[in-house]
Amino acid sequence: MNIDFKELANTYGTPLYVYDFDAMAKSYNALKEAFSGQKSLIAYAVKANSNLSVIEHFASMGAGADCVSIGEVKRAMSAGVEPYRIIFSGVGKRDDEIQEALNRDILMINLESDAEMKRVEMIASKMNKEARISIRVNPDVDPKTHPYISTGLHENKFGVDIDTAKRMYIYAKNSKHLDPVGIHFHIGSQLTDIEPIKEASVIVADLVRSLSAIDIDIKFFDIGGGIGIKYEDEVTIDPQDYANAIKNAIKGLDVTIVCEPGRYLTANAGYLLTKVLYEKVNGNKRFVIIDAAMNDLIRPSLYKAYHKIELLDKKEDSDTSKADLVGPICESGDFLAKDIELPATEHGDLIVVYSAGAYGFTMASNYNTRGKVAEVACEGGECRLIRDRESFEDQIRLEKAYLKNARS
Ligand SMILES: *Cc1c(COP(=O)(O)O)cnc(C)c1O
């Protein structure tokens with residue numbers, strides 16, 4: 001990676017998201033190659049980073065898209081993902097979203113409950129269509145990750161248990177308006193232990209075999225996303241071990257493996273650039289106040305997530321002391337790092353926040369009427385703006401029309 005952060009900060013200002021498209025391609029290719037010898041589709045989980053250029057980048061390498069709202073489906077199609085490579089997941093799809101997904105003829109709608117199946121059937125029948133569906137199975141294995149991002153236990157809201165899934169498949173098979181083509185599980189995010197994935201894929205593959213015995217032939221074995229990445233010193237899953245575990249589980253089955261990585265493809269390819277505004281000491285606590293905040297990157301506030309921090313203008317041999325890196329937002333929870341060793345900083349010093357390419361910009365908000373920051377993509381030594389910095393006017397555009405005594 002040879003990205004000139006200083007130059008980017010000068011050109012585009014801060015805070016700024018910067019994405020390394022070469023690094024994204026490298027991760028994509030490593031995973032795709034790991035599945036070689038097997039039919040596979042990598043459906044990029046758009047929610048991790050849904051900038052159109054990012055989606056387009058993966059689409060150009062042959063990726064599909066895993067979407068969790070009709071908005072994401074539209075994004076994927078706008079970015080050039082073929083409809084037959086798009087999956088629509090999520091626990092709460094509205095009627096209009098289901099209808100639109102059927103209209104667009106995407107690969108499959110991923111069902112998360114019996115009630116949702118009936119709804120999809122009804123809408124498909126009104127449209128005189130047959131909906132291709134998969135069912136999200138909750139294999140009840142503990143993914144051993146953060147409880148907020150763990151999804152594969154019965155206590156979570158996601159998917160249905162094995163017996164319910166079986167009943168649903170039989171129902172779908174007998175319905176004129178449902179075509180059960182896939183099976184799906186996704187046990188959690190930031191998985192660093194391969195055992196729960198092995199366990200889950202064996203359980204779900206067994207279900208596919210028992211379905212096959214009653215003439216229900218599953219074509220797509222969708223293993224979800226969740227491959228963890230290294231934020232700090234995590235030992236992560238090797239893509240080849242991951243692919244081998246799945247290949248072993250599905251031995252003898254004629255299925256296409258669908259994989260839905262988000263974080264794995266984008267997190268470590270993204271950086272948040274921010275500048276120091278001030279330093280201050282309250283009692284004996286040191287704060288470095290920066291121009292980025294929890295509205296730009298909420299992971300530290302939301303999950304106490306760790307992001308590596310680098311001070312680019314670090315003076316040689318300078319003494320360090322502990323400091324909290326905090327933003328300007330009026331919340332005590334507004335921090336990007338706590339108790340990290342930093343040398344003395346000055347106004348304007350540039351800081352790089354690492355591993356910010358996934359669940360960074362997509363979770364950003366306008367809290368405190370802060371505009372969303374700009375995004376830049378770098379590829380082969382060239383960088384280009386892929387989203388403008390949001391202006392004040394952008395932010396109030398939808399409110400202005402309703403002012404009672406509008407100012408001109
Ligand atoms: C969030 C999500 C993903 C992506 O998760 P990552 O941890 O970013 O890989 C994939 N599939 C489904 C259904 C999801 O909800």
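**Ground rules**

I count a contact when heavy atoms lie within 4.5 Å. This is a predicted model, so I note that local features need pLDDT of at least 70, side-chain atom pairs count only at pLDDT 80 or more, and totals for chains, interfaces and linings use all residues. Residues are numbered from 1 along each chain as its sequence is written, and side-chain values use heavy atoms, with hydrogens and water left out.

**Entry: Ser-134**

I started with Ser-134 and its neighbours. Leaving out residues up to four places away in sequence, Ser-134 touches Met-108, Ile-109, Asn-110, Leu-111, Tyr-169, Gly-182, Ile-183 and His-184. I found Ser-134 in strand β6, residues 131-136. Helices (H or I, at least four residues) and strands (E, at least two) are DSSP runs, numbered from the N terminus.

Is Ser-134 buried or exposed? Ser-134 is buried, because its relative accessible area is 0%. For the cut-offs, I use under 20% relative accessible area for buried, over 50% for exposed and partly exposed in between, with a 1.4 Å probe and protein chains only.

I also looked up what the side chain of Ser-134 pairs with, and there is a polar contact of 3.1 Å to the side chain of Asn-110. A polar contact is a pair of N or O atoms within 3.5 Å; within protein, one must be able to donate a hydrogen and the other to accept it, and residues adjacent in sequence count only if both atoms are side-chain atoms.

**Entry: the ligand**

Which residues come nearest to the ligand? Of the 14 residues around the ligand, I list Lys-47, Ser-189, Glu-260, Arg-263 and Tyr-359 as the nearest. A residue is near a molecule or strand here if one of its heavy atoms lies within 4 Å of it.

By class, I get three nonpolar, six polar and five charged residues in the shell. Ala, Val, Leu, Ile, Met, Phe, Trp, Tyr, Cys and Pro count as nonpolar, Asp, Glu, Lys and Arg as charged, and the others, Gly among them, as polar.

Then I went through the polar atoms. A side-chain N or O atom of Ser-189 sits 2.3 Å from an oxygen atom of the ligand. Gly-226 has a backbone N or O atom 2.8 Å from a ligand oxygen. For Arg-263, a polar backbone atom is 2.8 Å from an oxygen atom of the ligand. Taken alone, the ligand exposes 390 Å², and the protein buries 94% of that. These areas come from the Shrake-Rupley method with a 1.4 Å probe; for residues, only the protein chains shown count as cover.

**Entry: helix α4**

Next I checked helix α4, residues 70-78, where the buried residues are Ile-70, Glu-72, Val-73 and Ala-76. Seen down the axis of α4, they fall within an arc of 155 degrees, so they line one face of the helix. The arc is that of the directions from the helix axis to the C-beta atoms.

What do the buried residues of α4 pack against? I get α3 (52-60), β3 (64-67), β4 (86-88) and α5 (95-103). Just after α4, Gly-80 takes a positive phi of about 100 degrees.

As a reminder to myself, most residues other than glycine have a negative phi, and most peptide bonds are trans.

I noted that the peptide bond from Thr-14 to Pro-15 is cis, with omega near -10 degrees. Pro-15 is in the loop between α1 (5-12) and β1 (16-20).

Asp-215 is not a glycine, yet its phi is positive, near 70 degrees. I place Asp-215 in the loop between α8 (195-213) and β8, and at 53% relative accessibility Asp-215 counts as exposed.

Asp-339 also has a positive phi, about 50 degrees, without being a glycine. Asp-339 lies in strand β14, residues 335-343, and at 43% relative accessibility Asp-339 counts as partly exposed.

I found Lys-308 in the loop between α11 and β12 (309-311). Lys-308 is partly exposed, with a relative accessible area of 39%. Leaving out residues up to four places away in sequence, Lys-308 touches Tyr-231, Val-352, Val-353 and Tyr-354. Lys-308 and Tyr-354 are 46 residues apart in sequence, and I get 5.2 Å from C-alpha to C-alpha.

Ile-298 sits in the loop between β11 (285-290) and α11 (299-303). At 22% relative accessibility, Ile-298 counts as partly exposed. From Ile-298 to Ser-365, 67 residues apart in sequence, the C-alpha to C-alpha distance is 9.0 Å.
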